[in-house]
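Look through the structure below before reading on.

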Amino acid sequence: MRVFSFAHLSVLALAINLAACGDSEPTTSATAVTPAPAAATLTTTKTADTQAITREQVISHYADIAHATFSDAHSTAQALQVAVNVFVAAPSAQTQQAAKEAWLAARVPYMQSEVFRFGNALVDEWEGQVNAWPLDEGLIDYVDGDYQYALGNDGATANIIASQSIQVGEEKVDVSELTAELLAGLNELGGSEANVATGYHAIEFLLWGQDLNGTQPGAGERSYTDYLTDENCTGGNCERRGQYLKVVTDLLVDDLAEMTAQWATGNPDNYRTELLADSAEKGLRKAFFGMGSLSLGELAGERMKVALEASSTEDEHDCFSDNTHNSHFYNAKGVRNVYLGEYKKVDGTVLTGPSIAQLVQTADANADQLLQAKLDATEKSLQVMVDAAENGMAFDQMIDPENTDGQQIVRDSIAALVEQTTAIEQAALALGITELNPDTADHAF
Amino acid sequence: MFKKIVYAIASVSLLACSNSGDPYQQTSAALAEQVIYQAHQDWQASNQNLLSSAQAFCQGEQDLTQTREDFLQAQHSWAALQPLLIGPLNEGNRAWQVQFWPDKKNLVARQVQQFLKANPEPSLASLERASVVVQGLSAYEYVLFDPELDLADAAQKQRYCPLLENIAAHQQKLANDVLTQWQGEQGMLAQLTRFPNERYAEPLEALTAIVQAQVISLDGLKKKLGTPLGRSIKDIAQPYQAQSWRSQASLSNLSAEVESALAIWQGAEQHSIRALLATEHADLVKQIDAAYLQAQQELAAFKQPLTLLLQDEQQRQALFTLYDSFDRLHRLHEKDVARALGVQLGFNAHDGD
């Protein structure tokens with residue numbers, strides 16, 4: 001048996017001294033999206049405690065961060081629920097805007113939670129109902145004539161809101177009464193993963209509507225009048241549309257409450273207890289697998305590279321609202337949170353504790369420095385993406401084949417994430433965590 | 001898919017590395033020359049032929065049947081390259097320029113139509129500026145095989161021919177460029193043969209890259225079969241989500257991939273992954289030999305295209321069995337072979353699917 005070696009070991013030679021780790025938010029003009037700036041710059045991970053921390057403490061704190069993140073996702077979804085109820089009760093441009101802003105704010109913690117999805121099968125299996133994309137939105141509501149959907153998907157134009165029953169293949173479903181159970185059961189209708197009836201993106205579509213601008217400026221432009229229950233109703237079936245929006249928002253809140261409870265302390269039967277009862281090595285493997293999978297396969301690959309190379313606005317993550325830049329930023333932030341063992345809550349306080357970074361620093365200071373440098377570089381690249389979007393070039397404009405500057409912004413972020421992934425492999429290796437694959441990380445396929 | 005920026009780390013542990021007589025070096029070199037480079041040459045030749053074929057068809061010197069045959073050959077040689085995707089084809093977006101899959105929302109149809117609307121007389125330059133979806137074999141397949149198009153119709157043939165010729169020209173150019181990067185003193189072939197070099201510090205790294213490409217491909221086989229089977233999503237068939245459903249070549253592509261994965265396993269002449277493990281891991285070798293044989297036999301037993309098989313319950317069950325065989329092969333390589341060789345596989349693009 002030879003010495004273990006990663007395929008891309010070579011980057012190790014770049015020993016870089018870096019100033020670590022100020023917490024940052026994407027600078028943005030939309031206050032609803034971004035909480036107040038951090039009160040203080042964090043220096044937690046630089047302290048390099050000589051006091052030894054154990055792997056068990058680190059995994060326990062990993063679960064704390066998961067709990068705090070899901071807890072914020074839950075509370076911001078509750079705020080969204082309030083805003084949606086107000087909007088549906090009294091539709092106006094103002095109440096619609098308030099609901100949109102609540103949705104954008106709810107995305108901030110949720111996107112940071114996705115790093116827990118990969119590696120923890122429980123989260124991954126739960127996720128479909130909450131954040132599935134891309135969707136054939138014609139399943140839910142009216143769509144434009146030029147709408148592009150999955151070939152062979154009968155559900156793609158079913159329009160639940162306008163129907164009392166829908167037929168997909170041999171399945172005929174009564175949809176006269178819109179309930180959470182019914183709508184959750186319609187996800188993946190007919191076996192097509194493009195049939196998404198619930199979750200953040202269903203809500204996003206109901207608030208913004210289709211983005212018909214392709215790679216040109218502009219997001220979805222649904223009018224609040226789609227929710228007026230008098231003769232001024234536009235788009236038809238306004239009352240059912242309001243019901244639909246309320247039902248899926250309620251379901252989202254319930255789903256997030258359930259996941260938050262899975263990570264809470266003091267419950268002998270929840271996932272946290274199971275995770276901590278297992279070996280710390282397995283816990284670390286899950287944490288590393290989550291960081292690497294989100295960085296490379298999901299964020300750099302599915303969410304950026306596919307959209308970029310195919311110039312496909314259909315493959316843009318938050319395609320109705322054009323919030324994709326923030327979603328990407330906070331996805332990457334989640335990876336950073338897990339490594340540094342810190343999470344800035346929506347109330348502005350910062351949760352810190354025993355971190356993977358500290359373990360790596362003790363085992364191999366170079367590996368730690370390298371990964372911290374790469375995490376910083378990724379955040380900087382994504383900040384450039386956020387800045388560009390805030391200045392009028394949204395993600396769907398960046399992927400226009402004629403927009404070489406925009407494409408470069410996306411390419412730079414992908415490249416940063418690729419390098420970050422290599423550094424994650426190195427950090428894992430420093431702790432003797434090998435075999436970073438889905439089977440060993442308990443990832444469900 | 002991604003370019004790895006590699007800096008020499010000559011100071012680290014390289015002194016111990018001697019090239020001659022090192023079984024890892026010999027294996028890397030032999031597989032590179034006799035399996036991987038060979039497959040790249042076959043692919044390049046099929047693209048050369050694709051260009052002549054497109055030109056002959058568009059000049060009225062060749063019929064549609066032969067034109068489709070030539071496409072199938074190019075597609076087959078591309079499928080055979082999948083377990084061997086290391087180096088230049090893995091960098092930038094080159095592989096994406098050849099094939100776009102999964103195509104969840106039928107982008108190929110939409111983008112070909114949009115492209116031709118914007119460029120009624122497309123040039124090679126305009127094609128190369130466009131989305132990868134219209135640059136490669138996926139778009140070529142759409143034009144030749146889509147049920148809603150008919151190249152027997154003169155007007156349609158006139159409309160689509162410039163696109164076919166430019167795609168073929170682009171593919172040929174791409175293949176020539178890749179092959180050039182395999183050649184020469186600093187070429188990919190040399191980098192898999194002599195160590196240390198700019199890409200690999202030692203033979204173990206090269207072998208790791210070879211095994212990783214093979215494992216990614218075996219993982220991909222599961223996705224390519226599992227998606228149209230509707231596996232893990234209610235088990236309802238999704239025929240239009242299959243790779244190459246238009247040309248009905250889905251299963252033949254999978255066979256080509258299995259054959260190339262096997263070629264890495266059993267190699268050429270005396271050097272192979274199998275040979276490295278033969279003495280100390282005889283049981284594992286037996287299991288893997290059997291797993292390849294089983295997958296081959298199962299594939300050979302299917303006599304119809306995938307889209308038809310999916311409509312038949314008994315055949316569908318047989319396809320699920322084939323999926324299990326791919327899964328076995330994947331696991332044996334990803335876990336056991338990697339462990340036995342002492343290679344550490346990094347993250348890949350399938351993680352998180």
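**Confidence, then a buried helix**

This is a predicted model. Chain B has an average pLDDT of 92, and 93% of its residues score at least 70. Residues 1-18 of chain B have a pLDDT below 50, and this stretch makes 28 contacts in the model beyond near neighbours in sequence. For the model, the ipTM is 0.89 and the pTM is 0.89.

Now turn to helix 5 of chain A. Is this helix enclosed or open? Because 9 of the 9 residues of helix 5 of chain A are buried, the rest of the structure largely encloses this helix. The buried residues include Tyr200(A), His201(A), Phe205(A) and Leu206(A). Among the elements covering them are helix 2, helix 3 (121-131) and helix 6 (238-262) of chain A. Just past helix 5 of chain A comes Gly209(A), with a positive phi of about 80 degrees.

One of these neighbours can be followed further. Two packed helices are described by the angle between their axes and by the distance between the axes. For helix 2 (residues 93-113) and helix 5 (residues 200-208) of chain A, the angle is about 155 degrees and the axes are 10 Å apart. Angles over 145 degrees count as roughly antiparallel, so helix 2 of chain A is roughly antiparallel to helix 5 of chain A. Their crossing is left-handed.

Helix 2 of chain A contributes Gln96(A), Ala99(A), Lys100(A), Trp103(A), Arg107(A) and Tyr110(A) to the contact, while helix 5 of chain A contributes Tyr200(A), Ile203(A), Glu204(A), Leu207(A) and Trp208(A). By type, the residues of this contact are 7 nonpolar, 1 polar and 3 charged.

Conventions:
Residues are numbered from 1 along each chain as its sequence is written. Chains are lettered from A and ligands numbered from 1 in the order in which they are written. This is a predicted model: local features need pLDDT of at least 70, side-chain atom pairs count only at pLDDT 80 or more; totals for chains, interfaces and linings use all residues. Axes are lines fitted to C-alpha atoms, for helices over the stretch in contact, and angles run from 0 to 180 degrees between N-to-C directions. Helices (H or I, at least four residues) and strands (E, at least two) are DSSP runs, numbered from the N terminus. Angles under 35 degrees count as roughly parallel, over 145 as roughly antiparallel, 65 to 115 as roughly perpendicular and the rest as oblique. A crossing is left-handed if the near helix is turned anticlockwise from the far one by less than a right angle, and right-handed if clockwise. Two residues are in contact if their C-beta atoms, placed from the backbone, lie within 7 Å. Ala, Val, Leu, Ile, Met, Phe, Trp, Tyr, Cys and Pro count as nonpolar, Asp, Glu, Lys and Arg as charged, and the others, Gly among them, as polar. pLDDT is the predictor's confidence in each residue, from 0 to 100. A residue is buried if 20 or more other C-beta atoms lie within 10 Å of its own, exposed if 12 or fewer, and partly exposed in between; C-beta atoms are placed from the backbone.
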